Amino acid sequence: ERILDIAATQFPDGSAYHQYQPLTKRGNFDVGSGFNDDPLWLIFGVAAYVKETGDLSILSESVPFDNDESKAQPLMEHLRRSFHYTVDHLGPHGLPLIGRADWNDCLRLGAAGESSFVAMQLYLALRLLDELMPNKPENDEYRVYLRQKAEEQKALINQHFWEDDRFRRGYSEQGSIIGSKNDPEASMWLNPQSWAVISGLATPEQAEKAMQTAFEQLNTPFGVEIMAPCYKQHAFDGANMLLFNPTTKENGGIFCQIQGWAILAEALLGHGDRAFQYFTESCPAAYNDRAELREAEPYVHTQFIEGHETPQPGRAHVHWLTGTASTVMVGCVEGILGLRPTPEGLVISPAIPASWDGFTMDKSFRGKRLHIVVDNTAHHESGVKQVLVNGTEVSGVLTDAVLTDGAEIKVIM
């Protein structure tokens, strides 16, 4: 219901509000729209729902555009328009325009500015649409088109944004590169590195280099900073994060939501030790014995944590008003614990600290109760050698046909 409710606020051209009032279903179009990451989140949300539930019927649900029933179309058409809005708004290098901003509200690159974050979103969205598209002959041509667009974006991202050991952040309207390793400030940004892995765009070599560089240049005892060095003397005109003190908020602070993406990226690379390290560094419960440092409730995530250049590194701010909990949950459940749903079923591929002997999980999946025992007596960070379902070895995706209610699953690493 929530997905359909949000989809109903989408505009006919595929664009979306950045913010809207749930009761009126309306937002302030002048300041509450034009963020070009927004349309693509609908694709990710629907894909996550379908993978978890196996319910493809939602794609056929009739949903209005702009809450106008006369403009209702199947939800799949909403997803198509989300994608086409992005493809119809490409910049001088053939990469997605950032619009007013992307996920980073303070990054204003101008009308012709291009965002590597939105480009990586688009690459993943193309792959997900291909996955969700009903397997019918009439969709074959469109599926080929999606794959061609994905390959085009992959090539452009590598051509314009990959630089030795990192992915850059974007292009300003004037054509200046943001996030080059040669920049005196803001030369390393976390999101392009983690999303290059999450989207599946990075090669194994690129992924290892990018995430290692991010660890070396951005990690602190309290979490991973959003970028570094923070802006002080060399900010461009649209770098609104300069309004904040060094290593706070978007100006190099430890933004908590993106910790979840860093956790997931490291887990997808099989780096169980580092994924768990990232989790514990900013986990509220990890501060129970030093609450005077964090100065926030030990049971709630905050928007950001002060970074290494502030008078009190580790102090947390803006509680309750953040999407951190759900993002970190995905990083932990799908990343560290390795419970990764697909349209066909469930893949179990943990990435945990090598010191762990193993762990157990109980999961409800598509109306079935599953009891999962992970055996890591070999003390690996990742890699599954064998999966047994009710004593029978199964490889690949655990399909609905294999998973019975009350199934006993053993995973040997």
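A crossing is left-handed if the near helix is turned anticlockwise from the far one by less than a right angle. The views below come from a predicted model.

**View 1. Helix α2 crosses helix α3.**
The crossing of α2 and α3 is left-handed. Helix α3 spans residues 75-87, and its axis comes within 8 Å of the α2 axis. The two cross at roughly 140°. That angle makes α2 oblique to α3. From α2, the contact draws on Pro39, Leu40, Leu42, Ile43 and Val46. From α3, Leu75, His78, Leu79, Ser82, Phe83, Tyr85 and Thr86 meet them. The contact residues comprise 9 nonpolar and 3 polar, with no charged.

**View 2. Helix α2 packs on helix α4.**
Helix α2 covers residues 38-53 and helix α4 residues 116-132. Their axes lie 9 Å apart, at an angle of about 40°. The pair is therefore oblique. The crossing of α2 and α4 is left-handed. On the α2 side stand Leu40, Trp41, Ile43, Phe44, Ala47, Val50 and Lys51. They meet Phe117, Val118, Gln121, Leu122, Leu124, Ala125, Leu128, Leu129, Glu131 and Leu132 in α4. By class, the contact of α2 with α4 holds 14 nonpolar residues, 1 polar and 2 charged.

**View 3. The open sheet β15-β16-β21.**
This open sheet has 3 strands, ordered β15-β16-β21, with antiparallel pairing. β15 (339-342) and β21 (398-399) stand at the edges. Each has a single partner strand, so one side of each lacks a neighbour in the sheet.

**View 4. The β15-β16 hairpin.**
A hairpin of 2 residues links β15 to β16. Strand β16 takes in residues 345-348. β15 and β16 run antiparallel and are joined by 4 bridges. Proline 341 has leucine 346 of β16 as its bridge partner. Threonine 342 stands opposite glycine 345, also in β16.

**View 5. Two covered faces of strand β15.**
In a regular strand the side chains alternate between the two faces of the sheet. In β15, Leu339 and Pro341 are on one side. Arg340 and Thr342 are on the other. All four are buried, and both faces of β15 are covered.

**View 6. The buried residues of helix α9.**
Helix α9 runs over residues 272-282. Its buried residues are Gly272, Arg274, Ala275, Tyr278, Glu281 and Ser282. Helices among their cover are α7 (204-218), α8 (257-268) and α11 (324-336). The cover also includes strands β9 (219-220), β10 (223-224) and β13 (302-305).

**View 7. Threonine 327 in helix α11.**
Threonine 327 sits in helix α11. Its relative accessibility is 11%, so threonine 327 counts as buried. The cut-off for buried is under 20%. Beyond neighbours within four places in sequence, threonine 327 contacts Gln257, Gly260 and Trp261.

**View 8. Proline 229 in a loop.**
Proline 229 lies in the loop between β11 (227-228) and β12 (254-255). Proline 229 counts as partly exposed because its relative accessibility is 38%. Apart from neighbours within four places in sequence, proline 229 is in contact with Pro184, Glu185, Ala186 and Ser187. Tryptophan 189 is 40 residues from proline 229 in sequence. In space, the two are 9.3 Å apart, C-alpha to C-alpha.

Key. Residues are numbered from 1 along each chain as its sequence is written. This is a predicted model: local features need pLDDT of at least 70, side-chain atom pairs count only at pLDDT 80 or more; totals for chains, interfaces and linings use all residues. Side-chain values use heavy atoms; hydrogens and water are left out. Axes are lines fitted to C-alpha atoms, for helices over the stretch in contact, and angles run from 0 to 180 degrees between N-to-C directions. Angles under 35 degrees count as roughly parallel, over 145 as roughly antiparallel, 65 to 115 as roughly perpendicular and the rest as oblique. Contact means heavy atoms within 4.5 Å. Ala, Val, Leu, Ile, Met, Phe, Trp, Tyr, Cys and Pro count as nonpolar, Asp, Glu, Lys and Arg as charged, and the others, Gly among them, as polar. Two strands pair if DSSP finds at least two bridges between them. Buried means under 20% relative accessible area, exposed over 50%, partly exposed in between (1.4 Å probe, protein chains only).
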